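Keep the viewer open, try each task yourself, and then follow the solution step by step.

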Amino acid sequence: MESKLQVYNSLSGKKEIFKAINAPHVGMYVCGPTVYSEVHLGNCRTFISFDMIFRYLTYSGYKVRYVRNITDAGHLENDADEGEDKISKRARLTELEPMEIVQKYTLDFHNVLALFNNRPPSIEPTATGHIVEQISLAEDILNKGLAYESNGSVYFDVDAYNKEYDGAYGELSGRKVEDLLSNTRALDGQSEKRNPADFALWKKASPMHIMRWKSPWSDGFPGWHLECSVMSSKYLGNHFDIHGGGMDLKFPHHECEIAQNKALDGKKPVNYWLHTNMLTLNGQRMSKSTGNTLLPGELFTGDNDKLSKAFSPMVVRFFMLQAHYRSSLDFSSNALEAAEKGFNKLMDALAVLNELEASEDSNGFELNTWVEKLHASMDDDFNTPVLIANMFDGVKYINSIKHGDATISSSDLELLKSTLSAFIFEVLGLKPEEEISTSGNDELVNDLMQIILDSRMRARQSKDFASADRIRDLLADLNITLKDGKMGAEWEVK
Ligand code: AMP
Ligand code: ZN
């Protein structure tokens, strides 16, 4: 497949022409969430960015197998090799089973991403579903002589790996082992390691640690980095096209993943490493651990002091896509209000476009050049801000046709319609607002309305007209009007 797509590869630090290993197939792995609390808007930005990348690759004709994991074990506090598992800590504090925490926040994650109109990945594997494979990879690395057992735990031997593979550790993040040593804090368990730069493949569980599995070395649990090495190679092979995640994962997580996979055969596991930049709030990275976060639900209801009003999921998505995925983006209510205006302008233009009448021929706009520009902006490392700016040139043209200042032929009208809607809906993944409010939920909304109407009917039957009227008025506040008929009440949204 001839490709014009260029992607910025964090491994080389350059934009490169994208060449799939086995075109038209593309394998893409993205690190998923650690499901111990609600996803915040920063997490959403990363997953929306990769959804856009998934969508554009698919739109360009690739058959993408998109694997995004769920981290449901092994991720310790402070991303370290010591401490409590984030999930079991939450379970302890809330007196729930760890798997109840996992279930609750996996559902929350799916619901939020569906509201943002993200497509689901092709495979969504979990760390706890791949313990056997993780033990087996740790064994293979031990057999290669690049890991060692210490007191029931297994550590990756960074020194031995560097000797075998020419100082490869640090190839992604650019960090040198010497720098790492001076930065390593004195943590418990460091004494088990030969070298502070070594990292855990398997940890022996302390008596307190409830998420544990049997292994040849101890009752314990896998190291955080091991799961992604295992799940990516299991579903995409030992050598695949794209690996992504937020840029905070470059080190140590992705650096360690490369080392674990490369330890087996010396070959690089991934051709293109893509890293998304952070969403910030007051200039600081949004992060669960510091509490500097906004939750998607707060945006949709407007229930937060930082917000002037509520914003719909599509406005938030549009706001995110107006920035390039590799630029940082600062959140503010003002910026969202501006995005809302832009989004509405785009949607209004689509409505106008559907009403336009064709003329004999086109004039006032270079349509083919414009179509090429849209593709070129996405082929330039998924440059959505430039794409959106170019789309607004098309919006200007639509409005000038409407005002009689330009014309369009019927074939050009078809091209304009199909191109604009493909980029808005398929590539950027936006949806008109009305569709969202009930999409996928029609049945639920009908069932809920039936419950409300039944209780109003019962109130009327028992002559409690005050309650019946109150229900009608509350529904009216939501623009839902009731019509009483012989068969009971009917409702409609005005
Ligand atoms: P976690 O659940 O903490 O493992 O994070 C899930 C994903 O969200 C990772 O790819 C992180 O890099 C990403 N992420 C975390 N904070 C932010 C942020 N403020 N902006 C963008 N992405 C983020
Ligand atoms: Zn990962």
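**Exercise 1. In which strand does P222 lie? Then decide whether P222 is buried or exposed.**

Before you start, note that this is a predicted model, in which local features need pLDDT of at least 70, side-chain atom pairs count only at pLDDT 80 or more, and totals for chains, interfaces and linings use all residues. Residues are numbered from 1 along each chain as its sequence is written, chains are lettered from A and ligands numbered from 1 in the order in which they are written, and side-chain values use heavy atoms, with hydrogens and water left out.

Step 1: P222 belongs to strand β8 (residues 220-222). Helices (H or I, at least four residues) and strands (E, at least two) are DSSP runs, numbered from the N terminus.

Step 2: Buried means under 20% relative accessible area, exposed over 50%, and partly exposed in between (1.4 Å probe, protein chains only). P222 has 2% relative accessibility, so P222 counts as buried.

**Exercise 2. Describe the chain as a whole.**

Step 1: Among the 494 residues of the chain, 51% are buried.

Step 2: The secondary structure comes to 17 helices and 15 strands.

Step 3: The chain is divided into domain 1 (6-276), domain 2 (280-435) and domain 3 (443-493); such bounds come from an automatic or database domain assignment. Taken over C-alpha atoms, the centres of domain 1 and domain 3 are 51 Å apart.

**Exercise 3. Which residues coordinate the zinc ion (ligand 2)?**

Step 1: Donors are N, O and S atoms within 2.8 Å of the metal (3.2 Å for Na, K and Ca); water is not among the atoms, so sites may look incomplete.

Step 2: C31 (SG), C228 (SG) and H253 (NE2) coordinate the zinc ion at 2.0 to 2.2 Å. Their spacing in sequence is C-x196-C-x24-H.

Step 3: C228 lies in helix α7 (residues 224-236) and H253 in helix α8 (residues 250-265), so this pair ties together parts that are 25 residues apart in sequence. Both C228 and H253 are buried.

**Exercise 4. Why is helix α10 (residues 313-321) described as largely enclosed?**

Step 1: Check each residue of the helix for burial; R317 and F318 are among the buried ones.

Step 2: Nine of the nine residues of α10 are buried, so the helix is largely enclosed by the rest of the structure.

**Exercise 5. Inspect two backbone details.**

Step 1: The peptide bond from F251 to P252 is cis, with omega near 0 degrees, and P252 sits in helix α8.

Step 2: N151 has a positive phi, near 55 degrees, in a residue other than glycine. N151 lies in the loop between β5 (147-150) and β6 (153-156), and at 52% relative accessibility N151 counts as exposed.
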